[in-house]
Each structure stands twice: as C-alpha cells, then as structure tokens.
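Good morning. I will talk about salt bridges today. Please look at the structure first.

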Amino acid sequence: MDTVAMWCTGALIAGGIYWFVCVLGPAEQKGKRATDISGGSISAEKVQDNYDSYWSFFRRPKEIETKEKVPDFVDTFYNLVTDIYEWGWGQSFHFSPALPRRSYADATRLHEEMAVDLIRASPGDRILDVGCGVGGPMRAIAAHSRSRVVGITINEYQVARARAHNKKAGLDGLCEVVCGNFLQMPFPDASFDGAYSIEATCHAPRLDDVYAEVLRILKPGALYVSYEWVTTDKYRGDDPNHVDIIQGIERGDALPGLRSYADIAATARRVGFEVLEERDLAAPPAGPWWTRLKMGRIAYWRNHLLIKISAALGVAPKGTVDVHEMLFKTADYLTRGGESGIFSPMHMILCRKPKDSTPADSSS
C-alpha cells in the first residue's frame, strides 16, 4: 500500500506541475519559453542596468517629450519586454475586443484583418505596417490579403524575431521587415499602396511627425488606418484616480504621453490627410478588450514564479523579474482604464492621401 500511495502521490504532483506549467501556460505556446527569455539586443549582464535606465526617463520627463530621446527610450523598452510579451501574450502586441464564442486568437486575427480590409488592400499591393513589432499582425494581414507587407520597427531584436517567424510561417515572400524610426522612414515618397498602424504610434512624441511621414510614403489616393491609444471623453484631468491610471499606463508602456481622442482627426487633417472615418472600436456593443488581462492573473503568478526560479538559477538575466512585475502592474492600470471607460487602445481613424496633395509642414 505504501508503494501504491507513493506512486499515486507522485502522479498527482506530476499532473499538478503539468497543469500549472502547460495547461495554464502562456498564450503563445509556439513562441518563447521561460528558458529563452532574454533582454533582446541587450547583453544579459546589462538587463538590470537598462531597466533602471528606462525608469530614469520618467525622472527626466522633458527628455521623453523630444524626438531625439524617444527612440532610445522606446528601443530600451522593447529590448526588455519583447521576449516576455511573446512568451506570455503572443506574437501580436495589441488588444482586441472580446468576441462571443471565439478564442482570443480568433479575436486578434479578425481585429487585424479589419485594418487591411479598411484600406482595401489587394493581392500584390505594397502595404506598410507602421511599428510592426515581431510581425504578428503583418503575417495575419499578408495571409488574408495576399498583399506584400513591409514592416518597420525601431528595435533590431524584433526585426530578427519577425524575420524568423515570417520564414517559419512560410510568409517571408510576402513579408519584409526593416529596422528604422517611423519618424524618419527610409522609404521613397509615394512608394506604398496603403498603410496601417496597430497600437504603435502612441510611442511618437508628436503624432504630427509620424502621420506626416506616412502621408509622404503613400501614393496619392492611398488609404491609411490607425488604431490609436487615447483618453476618452470620460477622462477628467482633475480626477486624481483618472490621472493615476493614465500615468500608470504611460510609465509601463513607454509612452511620452497619452493623447485625447479629440486630437487624432485634427492631427491627421493638419498634416494633409482626408479623414474618412473615425470611431472607437472599444465602444459598446464591442466586447471588453481587457478581459484577457483579468483572465491571465493566475497565469501571471505562474509565470512570475517561473521567472524568479529562472533568474535565481542564472537562466534568465538579472532584472527580468523587475520587468515582469512592471508589466503586471501595468496590466492592472490598463484594466482599470478599460473598466472605467477613460482609456481606449483602439480609437480607429481611416484616412486618405488626396490625389493632388503634397505633405504639409508639421513643424508649426
């Protein structure tokens, strides 16, 4: 009996470990593993220093409001978080409305496909992904539209990850990735048939600058759609709780400052776009986009324990635990922003470059 009891106890423990690690596993089962987490392009011994450097930006707020400082700020952030995002969230670094009886993966894919449908991309069109990350949306959009998608990201590590994913998915013939700053893109004028950005331009210190660049590279008559992070009409700057939520989102997501929903269309028109449509994709009857954050709390604690063990064993770089804890706290701010209705990560604006226009000077 003692032997049987020992075998049963061992089986229960093994089953519990399997359930804890695998069944409650990260969203992206085919991406990163806990043992693979790194600091991106940052060497392992410098991850903690770069994490500390990231937070130092917020002690010098004027520096993250300038075009010159923001690229380093954002690049540091994505070196720190890219592996953790892939491991715990997936290859698409954005939110999507929850859909009844559909998986998170389906909701994400449909949200991405909507973007390329809005710009009416056709097979063979050359489309720009403005801020492509590791290319999750790019691959979904290329597969859906058969367009040739070019993604730009400021982070060299994300370029390598995106190219590897593209090849593995068999989409490297349709997907190209370029390392560059979307405030100064290395593309000729009027060289794209359409463009989209999915929760990416929030990292720009001035929205005018990135919109003007997108306008420049588009062919006359081409369409551009962007899903923007914004404060909504429910946000009150004199409410300390509202301010705390928004500042928490900014600190945890490398944002120079969240914009009001009221500024988006005005900016697009100022640089020379025609605004065709504008609406908040998070507004009812859309399902809450933040449910995935709330559902992931158990997985977070499991992941945090694994990261602590990996860091203690020297597998994960020193500083990774701090980065993961920062992201968990940010998830709480994002959830509070969604539940209160003061924040949306998917304020959609659809624009067209006039057939007879030239890019406006956005320096004023």
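There are 14 salt bridges in this structure. A salt bridge here is a side-chain nitrogen of Lys or Arg within 4 Å of a carboxyl oxygen of Asp or Glu. This is a predicted model, where local features need pLDDT of at least 70, side-chain atom pairs count only at pLDDT 80 or more, and totals for chains, interfaces and linings use all residues. Residues are numbered from 1 along each chain as its sequence is written, and side-chain values use heavy atoms, with hydrogens and water left out.

Take E86 and R161, whose closest N and O atoms are 2.8 Å apart. E86 sits in helix α3 (residues 70-88) and R161 in helix α6 (residues 156-168), so the pair links distant parts of the chain, 75 residues apart. Helices (H or I, at least four residues) and strands (E, at least two) are DSSP runs, numbered from the N terminus.

Are E86 and R161 buried or exposed? Both are buried. Buried means under 20% relative accessible area, exposed means over 50%, and partly exposed is in between, with a 1.4 Å probe and protein chains only.

Next, E274 and R352 form a salt bridge, with 2.9 Å between the closest N and O atoms. This pair also links distant parts of the chain: E274 belongs to strand β7 (residues 274-280) and R352 to strand β8 (residues 343-352), 78 residues apart. E274 counts as partly exposed because its relative accessibility is 32%, and R352 does so at 30%.

R279 pairs with E277, at 2.6 Å between the closest N and O atoms. R279 is partly exposed at 37%, and E277 is partly exposed at 28%.
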